[in-house]
Amino acid sequence: LQLGGSEPALLAEASRIDSLIMTSEWVAANEDFGPTFSDAVLDRTRRCFRGERPLQLRVHVTEVRRADRALTVLNGRGVHEISALAEYKDLATGQIVGRELVALEVDAGGPFEALFEDRQLKVSDAFGQAICDRAFER
């Protein structure tokens, strides 16, 4: 988490995520991704950001690549990828207090997961966890 002179973990400890705005050109072609992503990331970040300072998390998703189900079944493995810019807006002042690029590779699991797991939810939950891990320097 890159902040103007502040310690990231201190900001994270003092803050809570009150809302999330997600934007993406990619989502225009995959409209079911937006609600899944927003709900999962907001749920995950609310578990770790539990302070008093209200923040809005703004996420601009630049790329999402989900592992092909058939290839994951055949190969027994696969990888999902997501890249996004995350910004933290202080709701009291309106200022952006943090900004970071987040790029993840998420293990798609094996053949069973490839057939039955919600790929969008898995990527979204991993993104939310990455936000928490980076904010609290885990």
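Reader: How many cavities of 30 Å³ or more does the count come to?
Author: One cavity of 30 Å³ or more. Keep in mind that this is a predicted model.

Reader: What volume does the largest cavity have?
Author: About 50 Å³.

Reader: Which residues line the largest cavity?
Author: The lining is made by Ala67, Asp68, Arg69, Thr72, His80, Ala108, Glu113, Ala114, Glu117, Arg119 and Lys122.

Reader: Which elements give two or more residues to that lining?
Author: Helix 4 (69–75), helix 5 and helix 6 do.

Reader: And how do the lining residues divide into nonpolar, polar and charged?
Author: Three are nonpolar, two are polar and six are charged.

Reader: Take Glu117 from that list. Where does glutamate 117 lie?
Author: In the loop between helix 5 and helix 6.

Reader: Is glutamate 117 buried, exposed or partly exposed?
Author: Partly exposed. Its relative accessible area is 29%.

Reader: Where is proline 111 found?
Author: In helix 5. Proline 111 counts as partly exposed, at 36% relative accessibility.

Reader: Is phenylalanine 116 buried or exposed?
Author: Exposed, at 60% relative accessibility. The cut-off for exposed is over 50%, so phenylalanine 116 qualifies.

Reader: Switching to charges. How many salt bridges does a search of the whole structure find?
Author: Seven.

Reader: Start with arginine 65. Which residue does arginine 65 form a salt bridge with?
Author: Glutamate 63. Their closest N and O atoms are 2.5 Å apart.

Reader: Next one. Which residue does arginine 99 bridge to?
Author: To glutamate 87, with 2.7 Å between the closest N and O atoms.

Reader: Which parts does that pair tie together?
Author: Arginine 99 sits in strand 4 (residues 96–107) and glutamate 87 in strand 3 (residues 79–90), so the bridge links parts 12 residues apart in sequence.

Reader: Which accessibility class goes with arginine 99, and which with glutamate 87?
Author: Arginine 99 is partly exposed, at 40% relative accessibility. Glutamate 87 is buried, at 16%. Buried means under 20%, so glutamate 87 falls in that class.

Reader: What about glutamate 100? Which residue is its salt-bridge partner?
Author: Arginine 134. The closest N and O atoms there are 3.7 Å apart.

Reader: Which elements hold glutamate 100 and arginine 134?
Author: Glutamate 100 is in strand 4 and arginine 134 is in helix 6 (residues 119–135), so this pair ties together parts 34 residues apart in sequence.

Reader: Is glutamate 100 buried or exposed?
Author: Buried, at 6% relative accessibility. Arginine 134 is partly exposed, with a relative accessible area of 31%.

Reader: Strand 4 again. What about valine 106 there?
Author: Valine 106 lies in strand 4. Valine 106 is buried, with a relative accessible area of 8%.

Reader: How many Å separate the C-alpha atoms of valine 106 and phenylalanine 127?
Author: 9.0 Å. Along the chain the two are 21 residues apart.

Reader: Zooming out. How many helices and strands are in the chain?
Author: Six helices and four strands.

Reader: In what order do the elements run from the N terminus?
Author: α-β-α-α-β-α-β-β-α-α.

Reader: Last one. What share of the chain do buried residues make up?
Author: 44% of the 138 residues.

Methods. Residues are numbered from 1 along each chain as its sequence is written. This is a predicted model: local features need pLDDT of at least 70, side-chain atom pairs count only at pLDDT 80 or more; totals for chains, interfaces and linings use all residues. Side-chain values use heavy atoms; hydrogens and water are left out. A salt bridge is a side-chain nitrogen of Lys or Arg within 4 Å of a carboxyl oxygen of Asp or Glu. Buried means under 20% relative accessible area, exposed over 50%, partly exposed in between (1.4 Å probe, protein chains only). On a 1 Å grid over the protein atoms alone, a cavity is a set of points where a 1.4 Å probe fits but cannot get out, and a pocket is an open set with protein on both sides within 12 Å along at least five of seven lines; lining residues have an atom within 4 Å of a point. Grid points are joined across faces, edges and corners, and a volume is the space filled by probe spheres set on the points. Ala, Val, Leu, Ile, Met, Phe, Trp, Tyr, Cys and Pro count as nonpolar, Asp, Glu, Lys and Arg as charged, and the others, Gly among them, as polar.
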